[in-house]
Amino acid sequence: MSMKKRADAQYATNPSSNFLCEVPALPKNMMVELSNACNHACVFCPNPDMQRKIGRIDKNLMFRIMAEAHAGGTSDIGFYTTGEPFIHKDLTAFTAEAKRIGFVYTYISTNGALATIERASKVIDAGMDSIKFSINAGSRETYAKIHARDEWDLVIGNLRDISNYRHDHAPNLKLYITCVVTQEMEHEVDSIQEMLGPLVDEIAFDHCTPLAFPDESWAAEGSVCNMPFNRMHVTYEGYLTLCCVDFQNYVAVADLNEMSVADAWASPAFRDIRRRHLDKDLSGTLCGNCWLGQSEHISPLNEDYADILDFDAFEKEQRQRVMEQLRIPERD
């Protein structure tokens, strides 16, 4: 399956799908935020503006969550959401444990700066099935502007090393690149494909995401966001949240330190927000501003889990920063 088909399946769903209910079965797919820290500061990403305390998931908690999810039917696991997975020293151990207990598909997305062949080869040998590099420029100069780090040579070197390692030792490893296309680098798209395409299975080019512009709806008419229904998302604190880009825990619904994965998935709070998704009743939530294209003051679903801030001001400042750095004109 191509990256585009995989993304389409995750984000846009026919409302008649049988898993769109208040308590669907535990999903096939789970993503875990090993850490919310990132060693890069891409101009289009909310991570540099995040107000949450930086942390890493507890190893024992992670092992328990994986075991419970797999026992309930989850077969795919991604070791990343808002941060860089290679920041966590136990990435290799998590990969090996996932394979030991029977996960079929393990995957990560990385900016690649920490993915040296010494570290990456251990993760690959432990059973990693897919590594996706986030490379958002086609030259050293532009890369430094977009990623806010002058590490183009390092990242491309790591990618070449992993590509060579795959050829010699791990032919089943899937290797991808995603590239967010901005005005700063759109002239480099062809050169990226020509230079890096031979090293990977696929390169996906996507225009600057709605994360920077939350008043734009992602939803096709009549559709429902899949993520609260068919994919689990776990934060480094151990919270079950609706979304892989919940940078402030504004849609966290349960604490896996206090309950099992199955109980959290079927908890009253999760049932309630799924019903609101089905009814398109998402006013005042991060989901409403994102999926339905609303532009309202929002509050967290559970204040005990969230890092509460002036979200309107936060959103405005982030939007302004992105527009200035990417030279995007103001809209009428």
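Biologist: Which residue in β2 stands opposite M30?

Modeller: I77 does. This is a predicted model, where local features need pLDDT of at least 70, side-chain atom pairs count only at pLDDT 80 or more, and totals for chains, interfaces and linings use all residues. Residues are numbered from 1 along each chain as its sequence is written, and side-chain values use heavy atoms, leaving out hydrogens and water.

Biologist: How do you know that β1 and β2 pair?

Modeller: Strands (DSSP runs of E, at least two residues; helices are runs of H or I, at least four, and both are numbered from the N terminus) pair if DSSP finds at least two bridges between them. Residues 29-32 of β1 and 76-78 of β2 share 3 bridges, in the parallel sense, so they pair.

Biologist: What makes β6 and β9 edge strands?

Modeller: In the open sheet of 9 strands, ordered β6-β5-β4-β3-β2-β1-β7-β8-β9, β6 (202-207) and β9 (252-255) each pair on one side only.

Biologist: Which residues of α4 are called buried?

Modeller: In helix α4 (117-126), they are A120, S121, V123, I124 and A126; buried means under 20% relative accessible area, exposed over 50%, partly exposed in between (1.4 Å probe, protein chains only). Their cover includes α3 (91-101), β4 (130-134) and α6 (152-169). Just after α4, G127 takes a positive phi of about 125 degrees.

Biologist: What is the predictor's confidence like?

Modeller: On pLDDT, the confidence in each residue from 0 to 100, the protein's mean is 89, with 86% of residues at 70 or more. Over residues 210-216, however, pLDDT is below 50. Where pLDDT is low, the predicted coordinates should not be read in detail.

Note on methods: Contact means heavy atoms within 4.5 Å.
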